[in-house]
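The following paragraphs are meant to be read beside the sequence and the three-dimensional view.

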Amino acid sequence: MTVPSPPRVLTVAGSDSGGGAGIQADLKTMLALGVHGMSVIAAVTAQNSLGVQGYWELPPEAVRAQLGSVLGDIGAQAIKTGMLASPVLVETVAEVLSGVDAPVVVDPVGVSKHGDALLAPEAVDTVKSKLLRVATVVTPNLWEVAQLTGVKVEDEKDLPRAAEAVLELGPAWALIKGGHLPGAPVDLLTDGTREFRLTAERHDNRHTHGTGCTLASAIASHLALGEDVPSAVEKAKAYVTGAIARGFPLGAGIGPVDHAWRWRGGQE
């Protein structure tokens with residue numbers, strides 16, 4: 001009997017030793033949503049619920065070799081990028097992905113949930129000039145919007161201006177995450193022509209480690225499953241909202257969202 005293969009999604013990101021974000025969150029999300037997750041590790045962090053104690057980049061040739069191994073043999077229906085750390089790693093990944101015919105979801109990781117830097121300042125320009133040009137969807141939070149464009153979002157009416165500035169850097173779609181705004185959380189998704197505002201209930205839960213990684217991976221997973229961008233983002237947001245609602249304590253600091261909340265009896 002031949003068993004059909006599930007859609008394949010590749011994450012290119014950093015490893016989180018605490019298991020709540022990064023490669024670990026990506027692969028958990030992909031499994032939860034029914035796709036086969038694969039990984040290219042770009043950096044290794046020493047990280048727990050209290051923060052990031054250190055990180056080490058892999059050599060660019062190691063990252064390029066991992067990409068070649070997976071894409072040259074297995075292939076991918078969607079690709080997600082996360083922590084890439086340095087200009088040379090950003091450039092290496094962007095160069096390879098520019099020749100791949102699959103949607104690319106870019107999470108422009110700049111800092112951790114605890115405020116620890118995960119992208120060298122000199123790498124920001126490389127993200128802007130190289131990586132965002134290969135992105136199907138880019139998913140910046142408000143701090144990352146300011147880092148990439150200089151636009152400061154202070155309330156919901158600033159979201160379209162922020163999205164316009166991000167789209168000028170080359171992605172097909174921009175998802176501006178407004179979760180840090182006061183009031184009900186509102187995200188804006190746009191390709192410059194169509195505009196979608198996505199709202200969700202705000203959950204009073206401090207255990208939100210891994211939300212950005214999880215959302216981007218969920219979008220990539222739904223794209224691999226055949227959804228268009230607006231539908232993939234909508235379904236990914238529903239999954240992440242449930243995961244946030246059931247985030248749990250771990251260690252002495254900020255715990256992770258629950259990637260397995262549907263398996264544990266949660267309802268959409």
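Are α2 and α3 roughly parallel or roughly perpendicular to each other? The model in view is a predicted one. In this model, helix α2 covers residues 60–73 and helix α3 covers residues 87–97; the two pack at an angle of about 20°, and their axes are 9 Å apart. Angles under 35 degrees count as roughly parallel, and α2 and α3 are therefore roughly parallel to each other. The crossing in which α2 passes α3 is right-handed.

The contact can be followed residue by residue. On the side of α2, P60, V63, R64, L67 and L71 take part, and they meet V88, L89, T92, V93, E95 and V96 of α3.

Beyond its neighbours up to four places away in sequence, P87 touches E122, A123 and T126. P87 and P121 are 34 residues apart in sequence, and their C-alpha atoms lie 9.0 Å apart in space.

The largest nonpolar core holds 46 residues, among which L10 and I176 touch the most other members. Helix α6, residues 159–167, gives the most to this core, contributing 6 residues. The buried residues of α6 include L159, A162, A163, A165, V166 and L167. Which elements cover them? Among those that do are β6 (137–138), α5 (142–149), β7 (173–176), β8 (186–190) and β9 (195–199).

A second, separate core has 29 residues, including A218, I219, A220 and L223.

V151 is found in the loop between α5 and α6. Is V151 buried or exposed? Its relative accessibility is 9%, and buried means under 20%, so V151 counts as buried. Apart from neighbours within four places in sequence, V151 is in contact with V145, A146, R161, A162 and A165. V151 and V100 are 51 residues apart along the chain, and 31 Å separates their C-alpha atoms.

T29 belongs to helix α1, residues 22–32, and T29 counts as buried because its relative accessibility is 0%. Which residues is T29 in contact with, leaving aside its neighbours within four places in sequence? They are T214, S217, A218, Y239 and H259. A218, one of these, is also included in the second core.

A224 lies in helix α7, residues 211–224. With a relative accessible area of 11%, A224 is buried. Its contacts, not counting residues up to four places away in sequence, are P7, R8, V9, Q77 and A78. A224 and P103 are 121 residues apart in sequence, while the distance in space from C-alpha to C-alpha is 8.2 Å.

How values were computed
Residues numbered from 1 in each chain as written. Predicted model: local features only at pLDDT ≥ 70, side-chain atom pairs only at ≥ 80, totals over all residues. Heavy atoms only, no water. Axes fitted to C-alpha atoms, helices over the stretch in contact; angles between N-to-C directions. Helix = DSSP H or I, 4+ residues; strand = E, 2+ residues; numbered from the N terminus. Parallel < 35°, antiparallel > 145°, perpendicular 65-115°, else oblique. Left-handed = near helix turned anticlockwise from the far one by under 90°. Contact = heavy atoms within 4.5 Å. Core = buried A, V, L, I, M, F, W, Y, C linked by side-chain atoms within 4.5 Å. Buried < 20%, exposed > 50% of the residue type's maximum accessible area, 1.4 Å probe, protein only.
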